[in-house]
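Student: Hey, can we look at this one together? I'd like to start with the charged side chains.
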Amino acid sequence: MNGNNWQVLEERFFTSQISQVGQIEEIDEAIGALKWALENGPMDFQTVPGFKTLRIAKTDRYKRGAIDVPSLMVIFKVN
């Protein structure tokens with residue numbers, strides 16, 4: 001939990017999907033950025049059209065040196 005009193009809880013489905021990808025530095029970096037953003041301002045993300053309780057977080061693909069960090073999208077619920 002952080003100073004904003006938000007905590008990211010990963011559902012089993014999300015955890016299983018990530019485990020299938022394995023330990024890939026580029027994906028770990030993108031997921032780390034998403035987790036930070038979700039912990040610090042989940043209400044800042046747009047809602048999924050047609051679903052009042054679901055929000056969507058996206059990252060942009062970028063290169064950092066030799067590392068090509070992919071774009072990711074996570075749909076999440078704020079309780």
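Student: Is Arg-61 buried or exposed?
Tutor: Arg-61 is exposed, with a relative accessible area of 59%. Buried means under 20% relative accessible area, exposed over 50%, and partly exposed in between (1.4 Å probe, protein chains only). This is a predicted model, where local features need pLDDT of at least 70, side-chain atom pairs count only at pLDDT 80 or more, and totals for chains, interfaces and linings use all residues. Residues are numbered from 1 along each chain as its sequence is written, and side-chain values use heavy atoms, leaving out hydrogens and water.
Student: Ok, which side chain does Arg-61 meet in a salt bridge?
Tutor: That's Asp-68, at 2.5 Å, N to O. A salt bridge here is a side-chain nitrogen of Lys or Arg within 4 Å of a carboxyl oxygen of Asp or Glu. Asp-68 is partly exposed, at 27%.
Student: How many salt bridges are there in the whole structure?
Tutor: Two. The other pair is Glu-29 and Arg-64, at 2.3 Å. Glu-29 sits in helix α2 and Arg-64 in strand β2, 35 residues apart. Helices (H or I, at least four residues) and strands (E, at least two) are DSSP runs, numbered from the N terminus.
Student: New topic: which residues in α2 are buried?
Tutor: Ile-27, Ala-30, Ile-31, Leu-34, Ala-37 and Leu-38. Seen down the axis of α2, they fall within an arc of 125° (directions from the helix axis to the C-beta atoms), so they line one face of the helix.
Student: And what's on the face turned away from that buried side?
Tutor: The exposed residues Glu-25 and Trp-36.
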